[in-house]
Amino acid sequence: MWTSKKAESQNWTMDSVLPWLLFVLLMSLVAVAFMYWIKSNFAEMTVVPPGLEKSLLLDRITSPACFSSPALLPQTLDYAKLTKSQMGSCYPALQANDAAVRLFLKLKEGNMQQLLATSNWKESGISTSSSSWIGVKYNDKTVPGELSLGFQAPRK
């Protein structure tokens with residue numbers, strides 16, 4: 001039977017649309033499966049390790065801006081800087097819904113103790129704490145001390 005070249009040229013789109021739609025659908029499914037595989041295998045790298053917040057808080061406490069000085073060794077506090085005003089400058093303008101922090105330092109020698117807390121610390125609140133040994137400059141010498149950090153979750 002005789003067919004027209006013009007008719008063939010007009011129907012080519014109908015013959016090729018279905019394979020392209022199937023191709024696009026298949027590629028979309030492959031892309032979704034690939035993204036799910038990436039998320040399930042590599043998203044754990046963004047999980048914050050437990051204890052990081054407390055470690056960062058200890059780094060802030062022992063920084064020269066808070067309770068240390070540039071002349072001291074790392075992780076060493078200056079006992080003369082452990083004051084309520086210095087605590088207020090390290091943690092300024094805390095609101096009631098911010099996390100509260102309490103420091104308790106006990107020197108091994110001399111039975112000296114120092115207790116400091118942020119203004120939003122509630123003695124009756126539930127808190128968690130951690131302790132670590134740290135160097136403290138006291139009477140122009142470095143002595144060991146036990147630093148206890150207390151944390152209270154933000155109020156809602």
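Lys106 stands opposite Gln113 of strand 3 in this predicted model. Strand 2 (residues 100–107) and strand 3 (residues 113–117) run antiparallel and are joined by five bridges.

**Hairpin and sheet**

- Five residues lie between the strands in the hairpin of strand 2 and strand 3, and Gly110 there takes a positive phi near 85°.
- Eleven bridges pair strand 4 with strand 5 in the antiparallel sense, and Ile134 stands opposite Gly145 in strand 5.

**Nonpolar core**

- The largest nonpolar core has 23 residues, of which Ile61, Phe67, Leu103, Leu105 and Leu147 touch the most other members.
- At least two residues of this core come from each of helix 2 (52–61), helix 3 (84–90), strand 2, strand 4 (128–138) and strand 5 (141–152).
- Not counting residues up to four places away in sequence, the contacts of Leu147 include Leu58, Ile61, Leu77, Leu103, Phe104 and Leu105. Leu147 also touches Ser130, Ser131, Ser132 and Ile134.

**Aromatic pairs and a charge over a ring**

- Three aromatic pairs are found in a search of the whole structure.
- One of them is Phe34 with Trp37: the ring centres are 6.1 Å apart and the planes stand at 35°, so the pair is tilted.
- Phe34 and Trp37 are three residues apart in helix 1 (residues 5–42), about one turn of the helix.
- Trp37 has a relative accessible area of 45% and is therefore partly exposed.
- Tyr79 and Tyr138 form an edge-to-face pair, at 5.0 Å centre to centre and 80° between the planes.
- This pair links distant parts of the chain, since Tyr79 is in the loop between strand 1 and helix 3, Tyr138 is in strand 4, and they are 59 residues apart.
- Tyr79 is buried, with a relative accessible area of 13%; Tyr138 is buried too, with 18%.
- Lys108 places its charged end over the ring of Trp133, 5.9 Å from the ring centre.

Technical notes:
Residues numbered from 1 in each chain as written. Predicted model: local features only at pLDDT ≥ 70, side-chain atom pairs only at ≥ 80, totals over all residues. Heavy atoms only, no water. Pairing = 2+ DSSP bridges. Helix = DSSP H or I, 4+ residues; strand = E, 2+ residues; numbered from the N terminus. Core = buried A, V, L, I, M, F, W, Y, C linked by side-chain atoms within 4.5 Å. Buried < 20%, exposed > 50% of the residue type's maximum accessible area, 1.4 Å probe, protein only. Contact = heavy atoms within 4.5 Å. Phe/Tyr/Trp six-rings, centres within 6.5 Å; stacked < 30°, edge-to-face > 60°. Lys NZ or Arg CZ within 6 Å of the ring centre and 35° of its normal.
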